[in-house]
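Subject: Structure for you to look at

Hello,

Here is the structure I said I would pass on. Please open it beside this email and follow along; my notes come after it.

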Amino acid sequence: GGPAVRLESPEGGGGRRGVGAAPPARRYRLRDGCWVLCALLVCFADGASDLWLAAHYYVRGQPWWFGLTLLFVLGPSLVVQLLSFRWFVYDFAASTKDGAGSTKDRARGPRGCCRLCVWLLQGLIHLLQLGQVWRYLRTLYLGLQSRWQAEHRRRHFYWRMMFESADISMLRLLETFLKSAPQLVLQLSIMVQQNSVEPLQGLSASASLVSLAWMIASYQKVLRDSREDKMPMSYKGAVVQILWHLFTIAARAIAFALFASVFQLYFGIFIVTHWCIMTFWIIQGETDFCMSKWEEIIYNMVVGIIYIFCWFNVKEGRSRYRMCIYYIITLSENAALTILWFLYYDRKTTSDFDALILVCVVSSSFALGIFFMFIYYCLLHPNGPMFTPRAGGCIFRQQPAPVPGSPTDAVTSPPRSLPRTTGGERDGAPGERDSCVPVFQVRPCAPPAPATRAPRTEGPVIRIDLPRKKYPAWDAHFIDRRLRKTILALEYASPTTPRLQYRTPGAPQEVLEYETTV
């Protein structure tokens, strides 16, 4: 049922390596493992604090707060667990079919009783709402294996680790904005209404806030780490991104809670209106994330929920203008919501001094978030400082557009993307395009370059007849699980590191050829 594949030996015979040795691939470091453990700790703290608080409300005889708190825990968790189990079912079923892959892979596949045990174990894990925990542990295991195995097995485990990291990042991002974000607003609203902060409420709200900020930064880091044509994000940059989103989301959530404590109905109308406007804005931007139109619309609707709380880049190009527009809108909304609350709040339960303190907290938190955003872009952006000092100030630095086939497009470790080869490198007769052409074709790369130029590495090329997804979207092989299965099978069977090559949309004739075959 998967795409047809053809694996050919590289030029030079026998699958031997070329003249130039392949540049070193990215290695899994111990700090990467520590980052995964911290993410697992944040996930545990977020869920456990919410359940503990729900039990506390139940014991105190507060059924409404108990029901809402538990609803925001179990509802999103069930949705994410079903999605995670669906991905497992597809991956596991694909790995046990007699499809693409070597005989060695099929011989190692689980059989009979072992297969049943795996199904039962995974069903139990997801039934207990521990799917994300299992994926975090699996990511850690695959990363450590990529350090301990031999060179050929090492890159195989690294690829699998990157795929698992992509999965857990998408799942956790969805869970945090469906669970942690409304949970944070709910608990803050309860605190404002009660005019007091209980320890469990503060713990739950803090865990939700940290989880939101952590997952935005973690998602962006994994996204960049998965793209070999993009510079990876440093851990310093990730920490500053956490602080950036921590303070901006905190200001946003407090403004929401203050307004909702007085205008419950109007707050619901405001949230729905903001979500509709943001979703329409995203759709109008013509994002290119999913493999079908309807999946793309659903993805845009989910991103619209994220845009209720914070900025999230979803499209290639100059994001600073879109980001400035978003933060101007957010600042205006925060100010309007806070002022309306200040004008109509209950003077019997909240003193004027406390009200002024809350207004100052909203404004200072947002200002701190914008400050850390400037720190990130001025000092810690992966592409270098986005601002350069000139004439005693800071101005934007213009980024030149990448030229297809230029050295900036060349990458050095898997998964890699190369410029589209010319017609002379294609196999098959002239009329081959009229037949059913496989989506994947593994072919030798160009002959070694002359001695005066940098040596090129011989080896197989996995050619994917799809346009490459531009950052900040994932590549197609991170989204489409059929592509993952075939790439891993080819990578495992290949004696040298294969390179991934997407369709180049720049050549009109080439695009026309692909559109008649995909």
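Predicted model: local features only at pLDDT ≥ 70, side-chain atom pairs only at ≥ 80, totals over all residues.

Gln129 is not a glycine, yet its phi is positive, at about 65 degrees. Its relative accessibility is 24%, so Gln129 counts as partly exposed.

Asn195 is found in the loop between H6 and helix H7 (199–225). Asn195 has a positive phi of about 60 degrees and is not a glycine either. With a relative accessible area of 39%, Asn195 is partly exposed.

Helix H6 (residues 151–194) packs against helix H8 (residues 235–260) at an angle of about 50 degrees, and their axes are 8 Å apart. How do H6 and H8 lie to each other? An angle counts as roughly parallel under 35 degrees and as roughly perpendicular from 65 to 115, and H6 and H8 are therefore oblique to each other. Their crossing is right-handed.

Which residues make the contact? On the H6 side they are Leu184, Val185, Leu188, Ser189 and Val192. On the H8 side they are Ile249, Ala253, Ile254, Phe256, Ala257, Leu258 and Ala260. Sorted by type, the residues of the contact of H6 with H8 are 11 nonpolar and 1 polar, with no charged residue.

Then the cysteines. A disulfide is a covalent bond between the sulfur atoms of two cysteines. How many disulfides are there? The count is 0, where a pair of cysteine sulfur atoms has to lie within 2.5 Å to qualify. Cys38 is in no disulfide, and the nearest cysteine sulfur to that of Cys38 belongs to Cys34, 6.7 Å away. Cys38 is partly exposed, with a relative accessible area of 38%. Cys360 also counts as partly exposed, at 45% relative accessibility.

Last, some totals for the whole protein. It has 15 helices and 5 strands. The protein has 518 residues, of which 49% count as buried. Take the contacts between residues at least 6 apart in sequence: 74% of these join residues at least 24 apart.

Regards

Notes: Residues numbered from 1 in each chain as written. Heavy atoms only, no water. Axes fitted to C-alpha atoms, helices over the stretch in contact; angles between N-to-C directions. Helix = DSSP H or I, 4+ residues; strand = E, 2+ residues; numbered from the N terminus. Parallel < 35°, antiparallel > 145°, perpendicular 65-115°, else oblique. Left-handed = near helix turned anticlockwise from the far one by under 90°. Contact = heavy atoms within 4.5 Å. Nonpolar A, V, L, I, M, F, W, Y, C, P; charged D, E, K, R; others polar. Buried < 20%, exposed > 50% of the residue type's maximum accessible area, 1.4 Å probe, protein only.
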